[in-house]
Amino acid sequence: MTSQAAEGPETVVASRRSKITPEREREFFDAVLEQIRECGYDSVTMEGIAASTRCSKSTLYRQWKTKPQFVAAALRASRRVRFAGIDTGSLAEDLRQAARAAGDWSGKDTRLLQALGHAVTSDQELARALREALIHPEIAALEEMLARGVARGEVRADHPALEYIPAMMFGVLRVRPVLNGQYADADYLVRFVEAAVLPALGLG
């Protein structure tokens with residue numbers, strides 16, 4: 001019996017996967033997400049990613065098996081919390097800072113959400129990865145901001161608007177391109193916070 005056979009298929013797969021460096025993996029992930037933004041999910045193929053990154057398509061299939069698995073892995077690897085670390089000591093200012101942060105990345109992330117729109121309705125793993133990478137971390141950070149505002153006495157704990165603030169913030173990011181063909185940049189989002197979000201919470 002060969003040593004490879006003795007190790008078993010799981011060890012062999014792990015050995016094959018170890019040949020891809022973290023830097024190369026990051027290159028694959030960046031390529032697939034950027035092509036989804038530019039061309040849409042359905043137009044992206046494993047063969048196209050292989051060609052654009054100058055690797056064999058068998059390398060990608062051996063690593064991720066299917067396009068949904070590949071895209072899900074890329075989404076999870078891209079996870080970063082843009083609202084993390086925002087704590088000015090004022091809920092109103094925290095929300096303005098969150099608006100500015102959202103404006104800095106709204107173009108790329110909104111395009112990605114739009115491009116994945118139909119695919120995530122039919123693939124649960126893809127939908128779960130999208131929520132884990134782009135939605136849940138930001139909602140959790142917003143909820144922490146709101147909780148700090150409640151603890152400081154800026155907003156009462158039973159204020160009915162509290163539960164809708166994440167939906168307001170994420171909703172305007174998604175809907176502005178539909179309404180007038182422009183992404184919600186930082187200036188627009190700050191104005192939105194001041195005109196709609198803060199009054200909803202009773203803040204000046």
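**Figure 1. Accessible surface of the predicted model of the protein chain.** Of the 204 residues in the protein chain, 44% are buried.

**Figure 2. Charged groups of the protein chain.** The protein chain carries 27 positive and 27 negative charges. The mean position of the positive charges lies 6 Å from that of the negative charges.

**Figure 3. Helices of the protein chain.** The protein chain holds 10 helices and zero strands.

**Figure 4. Overall dimensions of the C-alpha trace.** The trace of the protein chain spans about 75 × 40 × 30 Å along its principal axes. The radius of gyration of the protein chain is 21 Å, whereas a compact globule of 204 residues would have one near 17 Å.

**Figure 5. Contacts within the protein chain.** The contacts considered here join residues at least 6 apart in sequence. Of these contacts, 70% link residues at least 24 apart.

**Figure 6. Confidence along the protein chain, with residues 1-18 in close-up.** The average pLDDT of the protein chain is 86, and 91% of the residues score at least 70. In residues 1-18, by contrast, the pLDDT is below 50. This stretch has five contacts in the model beyond near neighbours in sequence.

Key: Residues numbered from 1 in each chain as written. Predicted model: local features only at pLDDT ≥ 70, side-chain atom pairs only at ≥ 80, totals over all residues. Heavy atoms only, no water. pLDDT = per-residue confidence, 0-100. Contact = heavy atoms within 4.5 Å. Helix = DSSP H or I, 4+ residues; strand = E, 2+ residues; numbered from the N terminus. Rg over C-alpha atoms; globule rule 2.2 N^0.38 Å. Buried < 20%, exposed > 50% of the residue type's maximum accessible area, 1.4 Å probe, protein only. Lys, Arg positive; Asp, Glu negative; His and termini not counted. Charge placed at Lys NZ, Arg CZ, Asp CG, Glu CD.
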